[in-house]
Amino acid sequence: MEKLTYTHNADAAAVIAQTYDTPPLAYVRSYGCQQNVNDGEKIRGVLMDIGFGVCDSVEQADLILFNTCAVREHAEQRVFGNVGALKKLKEKNPRLIIGVCGCMAQQKHIVDKLRASYPYVDLVFGVDGIDRLPAMLVERLHRGKRYLETPVERNAVVEELPIRRDSGFRAWLPIMYGCDNFCTYCIVPYVRGRERSRTPADVLAEFKTLVEQGYKEITLLGQNVNSYGKGLEEKTDFADLLNLLCTVPGDYQIRFMTSHPKDASRKLIDTIAAQDHLCKHIHLPVQSGSDRILKEMNRHYTVAQYMDLVNYAKEKIPGVTFSSDIIVGFPGETEEDFATTLEFAKKCGFAKMHIFPYSKRKGTPAAEMPDQVDEAVKSERAARLAKVDEELHQQMLQSTVGKVEEVLFEQPVDDEHMEGLCGPYLRVVVPGTAELANTIVKVKITGIKEDFLLGELN
């Protein structure tokens with residue numbers, strides 16, 4: 001793995017200054033996961049570093065950039081629809097630069113489609129091109145020709161990218177990139193590449209900066225954070241990294257995603273139990289409650305092994321909660337398989353389930369599997385599972401009444417009430433004013449209203 005450091009591109013800044021009479025504006029829209037959101041923040045940071053401002057409207061923009069997701073077909077269709085809607089805008093303003101980047105652009109058939117069917121798209125680059133964006137813009141502005149990068153895996157980690165974060169109190173912090181798991185339904189390893197871990201020193205340095213800047217909730221990101229450290233020269237794992245970060249003094253909470261059950265260890269559970277800065281909530285995607293389907297998914301664990309980890313966590317961490325991702329309608333999933341998943345979800349008592357009807361992804365093994373499930377069946381199963389999710393959510397709300405929870409307050413509900421999130425990722429509303437924003441305060445939970453908790457400052 002190659003380690004690179006971003007440096008300011010003075011040539012790009014000069015070209016931007018010469019090309020535009022006033023600082024140009026960029027509209028950057030990110031689709032998909034938190035990693036994509038963080039990538040979008042870095043894209044804005046790099047653009048601002050060479051002289052762009054940012055805006056919230058495509059009509060105001062001199063550069064429009066869609067940072068895309070490839071996990072589900074619906075996300076791709078939305079991007080193509082939104083790109084198509086820009087054609088008239090480009091006709092009115094020929095100087096407008098339109099770009100598509102991210103996971104979709106890491107697939108050759110997508111790049112070919114953009115090249116052939118969307119001639120007004122000027123820039124296309126994949127997930128590893130953010131640091132090269134200034135040079136791409138120089139090429140586009142100098143030559144006046146489209147810059148469509150051929151997808152290629154880049155085994156590198158780029159440090160010190162400038163960033164313009166979306167929030168002043170919640171920050172995303174990638175600790176690794178890529179994935180080695182190759183679940184049969186998932187396109188991520190093909191577009192994000194192999195696993196690459198940042199060094200503990202680099203993660204710690206960025207983490208300290210975030211704490212010093214006043215961020216109260218810092219979420220560590222990786223496609224599989226539990227495999228952090230593989231390939232590094234120094235012997236370290238994810239639990240070791242968490243313990244290192246928790247030595248930083250300050251008033252903050254740490255969350256992380258995503259954990260893979262096959263790599264989640266008892267050492268990790270013991271670390272969460274021991275460190276006060278770590279939220280007692282674990283997002284642990286199970287994907288299915290059927291061992292047969294898990295094997296077809298190439299997940300490398302059984303329902304019993306998953307449940308053993310959940311039970312160990314409940315024993316070691318009082319009040320711990322779990323959320324999960326579940327795919328319904330995976331190829332070959334029978335009604336019996338789905339019924340097993342329903343019962344397993346109830347047994348685990350998930351605080352939240354993120355439910356996804358299976359989406360066929362070109363280039364993955366599952367896309368070629370027989371017995372593809374009908375879309376109507378997928379929708380019906382998703383609806384049934386969503387009903388269970390709502391029942392479990394209400395049970396979680398009920399079980400929280402009377403407890404004292406730490407709440408990170410975000411924004412006013414009105415002039416007399418503030419809203420925030422407690423450890424299990426439940427919304428809490430209390431009497432209070434804007435002075436509570438960006439603070440972590442203990443709250444006594446007093447009741448429930450609809451899908452959120454009511455409380456009072458403890």
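Residues 24 or more positions apart make up 75% of the contacts in the protein with a separation of 6 or more, a contact being heavy atoms within 4.5 Å. Please keep in mind that this is a predicted model, where local features need pLDDT of at least 70 and side-chain atom pairs count only at pLDDT 80 or more, while totals for chains, interfaces and linings use all residues. Numbering runs from 1 along each chain as its sequence is written, and side-chain values use heavy atoms, without hydrogens and water.

Let us take the overall form next. The protein has 14 helices and 21 strands, which are DSSP runs numbered from the N terminus (helices H or I, at least four residues; strands E, at least two). Its C-alpha atoms fill a box of roughly 65 × 55 × 50 Å along the principal axes. Of the 458 residues, 55% count as buried, meaning under 20% relative accessible area with a 1.4 Å probe, protein chains only.

Now for the inside. There are three cavities of 30 Å³ or more, a cavity being a set of points on a 1 Å grid over the protein atoms alone where a 1.4 Å probe fits but cannot get out. The largest cavity holds about 220 Å³ of space, a volume being the space filled by probe spheres set on the points, joined across faces, edges and corners. Its lining has 16 residues, with Val127, Asp128, Val158, Leu161 and Tyr177 nearest the centre; lining residues have an atom within 4 Å of a point. Helix H2 (34–49) and strand E8 (156–159) each give two or more residues to this lining, and E8 provides the largest share, three residues.

How values were computed. 1 Å grid on protein atoms, 1.4 Å probe; cavity = no way out; pocket = protein on both sides within 12 Å on 5 of 7 lines; lining within 4 Å. Buried < 20%, exposed > 50% of the residue type's maximum accessible area, 1.4 Å probe, protein only.
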